[in-house]
Amino acid sequence: MSGFSTARQKMVDGQVRPSDVTDIRIIDAMLAVPREAFVPQNQRALAYLDLDLDVSEGGAAKRFLIKPVVTAKMLQAAEIKDTDNVLVAGCASGYSAALVAKLAARVAATESDPSLAAKAKDAFAGLGLGNVTVRCAAAAEGDSADAPYDVIVLNGATEIVPEGLYRQLKDGGRLVGVFALTQPQRATIVTRSHHDFGNRALFDAAVPVLPGLERPAAFVF
């Protein structure tokens, strides 16, 4: 095995499996998708560590690949089927969207940083992932062109209720993400039933907030 292949196996065995991720499809996807392909060259040695990895390379806003275990646990909770149409909001350089592409029929990914969106596109092409598309757009906008979605995945935290994304869910559709409306932050699943939205906390998790999903600045006297 190559060094990266060994690190990938250790990530799954040491971080993902011990965190009650038992869905073999997610485990297989994490073993198959090379996380180093979505990381700047000078940070590839960090690709499989248990951390939120900054991939912004001097961009105006910091962008991250969130911790592998948080991604894996959210994907397991989302119960993505191989027939599903999925949106990944704020995909950064595309790692989470590449994992979803191994699980779903179709994936639309959005990223607000044009440079990162281009890198994600190149990475998908290099891995032969033909069922995922990338659009340069704010995370809160989603991608109405391919809506409605069976599942929406937030690749980061939100400090607001992302109502615009809720409206892009199918009836019965699920949105998973880390909600930072209160402390501690919690990974949460939101399910649409007609015009109502029910939410259920999954687990505590702290990840960086996605640009555009920040809490509005409070007025200070």
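1. Ser 96 is buried, with a relative accessible area of 6%; buried means under 20% relative accessible area, exposed over 50%, and partly exposed in between (1.4 Å probe, protein chains only). The model is predicted, so local features need pLDDT of at least 70 and side-chain atom pairs count only at pLDDT 80 or more, while totals for chains, interfaces and linings use all residues. Residues are numbered from 1 along each chain as its sequence is written, and side-chain values use heavy atoms, with hydrogens and water left out.

2. Ser 96 is placed in helix 4. Helices (H or I, at least four residues) and strands (E, at least two) are DSSP runs, numbered from the N terminus. The side chains of Ser 96 and Asn 155 are joined by a polar contact of 3.5 Å. A polar contact is a pair of N or O atoms within 3.5 Å; within protein, one must be able to donate a hydrogen and the other to accept it, and residues adjacent in sequence count only if both atoms are side-chain atoms. When neighbours within four places in sequence are left aside, Ser 96 is in contact with Thr 71, Val 88, Cys 91 and Asn 155, where contact means heavy atoms within 4.5 Å.

3. Ser 93 is found in the loop between strand 3 (85-89) and helix 4 (95-101). Ser 93 is buried, at a relative accessible area of 5%. Its side chain reaches the backbone oxygen of Phe 38 at 2.6 Å. Apart from neighbours within four places in sequence, the residues in contact with Ser 93 are Phe 38, Val 55, Leu 65, Leu 116, Lys 119 and Ala 120.

4. Asp 52 occupies the loop between helix 2 and strand 1 (53-54) and counts as buried, at 18% relative accessibility. The side chain of Asp 52 reaches the backbone nitrogen of Lys 67 at 2.9 Å. Not counting residues up to four places away in sequence, Asp 52 touches several residues, including Phe 64, Ala 206 and Pro 208.

5. Phe 64 belongs to strand 2 (residues 64-65) and is buried, with a relative accessible area of 19%. Phe 64 and Asp 52 are 12 residues apart in sequence and 6.0 Å apart in space, C-alpha to C-alpha. Beyond residues up to four places away in sequence, Phe 64 touches Asp 52, Leu 53, Asp 54, Val 55, Ala 92, Asn 155 and Pro 208.

6. Two packed helices are described by the angle between their axes and the distance between the axes. Helix 1 (residues 3-16) and helix 3 (residues 68-78) pack at about 70 degrees, with axes 10 Å apart. Axes are lines fitted to C-alpha atoms, for helices over the stretch in contact, and angles run from 0 to 180 degrees between N-to-C directions. Helix 1 and helix 3 are therefore roughly perpendicular; this term covers 65 to 115 degrees. Met 11, Gln 15 and Val 16 of helix 1 make the contact with Pro 68, Val 69 and Ala 72 of helix 3.

7. Helix 1 and helix 2 (residues 24-32) pack at an angle of about 145 degrees, with their axes 8 Å apart. In this contact, Arg 8, Gln 9, Met 11, Val 12 and Val 16 of helix 1 meet Ile 27, Met 30, Leu 31 and Ala 32 of helix 2.

Note on methods: Angles under 35 degrees count as roughly parallel, over 145 as roughly antiparallel, 65 to 115 as roughly perpendicular and the rest as oblique.
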